[in-house]
Amino acid sequence: MGKRKWLFILSAAGLLLSAAPNVQAEKAESRHHEKEEWIAEREKWDQQLLKLADKYSPETKKEWEAVLSERKQLIDRMRKQGLHKRHHHFKAQRQKEIAEMKEKVKNGEMTEAQMKEKINSFKAKREQFRLKRAQARKQWEAAVRSNDGAKIKELLDARLQYMKKHNEEMKQVLDSGPAR
């Protein structure tokens, strides 16, 4: 009876292990598919921006085309250099900072209240960014839905300036070298 049990367990383990490469392949395929969807979605959004610029701010259409083209090239360069994963570095860095703060609390160099305050400031900064992004999205949707030409033009100009600034930031990341 004991041998049968072991035979069954080993057979089951063998089946699971032989299925593991298929699971990994499916995960890789899924990530590839998600990346393609993201790229297609980005292209769709870029085309919508160009249509809006053409309709509401035709004097800036060439500038939009240049900024969007540059952005696409910068994103491709970042992907090739592995810098698109840099946010993982920042997450690890934040976790390291939290671990250091916990150590300071243990050593008495910092109070637990100070540590919580600092952690809450990290969270507040991130939440502020998310809220700002959500508000901008709502403004876009409302302006486009109401067909408010003046508001769309204003938002287009603000977005163009933001994208120029963001392109410059991506250039700085590319110039600073590979992800740490």
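Reader: Why is K164 called partly exposed?

Author: Happy to explain: K164 has 27% relative accessibility, so K164 counts as partly exposed. The label buried means under 20% relative accessible area, exposed means over 50%, and partly exposed lies in between (1.4 Å probe, protein chains only). Keep in mind that this is a predicted model, where local features need pLDDT of at least 70, side-chain atom pairs count only at pLDDT 80 or more, and totals for chains, interfaces and linings use all residues. Residues are numbered from 1 along each chain as its sequence is written, and side-chain values use heavy atoms, with hydrogens and water left out.

Reader: What makes K164 and E63 a salt bridge?

Author: The rule asks for a side-chain nitrogen of Lys or Arg within 4 Å of a carboxyl oxygen of Asp or Glu. K164 and E63 meet at 2.1 Å, N to O, so the pair qualifies as a salt bridge. K164 sits in helix α5 and E63 in helix α2, 101 residues apart, and the pair links distant parts of the chain. Helices here are DSSP runs (H or I, at least four residues), numbered from the N terminus. E63 has 32% relative accessibility and therefore counts as partly exposed.

Reader: How many salt bridges does that rule give?

Author: The count comes to eleven. One of them joins K72 and E43, whose closest N and O atoms are 3.4 Å apart. That pair links distant parts of the chain too, with K72 in helix α2 and E43 in helix α1, 29 residues apart.

Reader: Why is K171 called partly exposed?

Author: K171 has a relative accessible area of 28%, so the label partly exposed applies. K171 also forms a salt bridge with E70, with the closest N and O atoms 2.7 Å apart. E70, E168 and K171 are linked in a network of salt bridges.

Reader: What makes a set of residues a nonpolar core?

Author: The set must consist of buried Ala, Val, Leu, Ile, Met, Phe, Trp, Tyr and Cys residues joined through side-chain atoms within 4.5 Å. The largest such core has 15 residues, and L49, L52, W64, W140, I152, L156 and M163 have the most contacts inside it. Helices α1 (2–56), α2 (61–81), α4 (112–146) and α5 (149–175) each supply at least two residues of this core. A second, separate core has six residues, including I75, M78, L83 and L174.

Reader: Which residues does L52 touch?

Author: Leaving aside residues up to four places away in sequence, L52 touches S57, W140, V144, I152 and L156. Contact here means heavy atoms within 4.5 Å.
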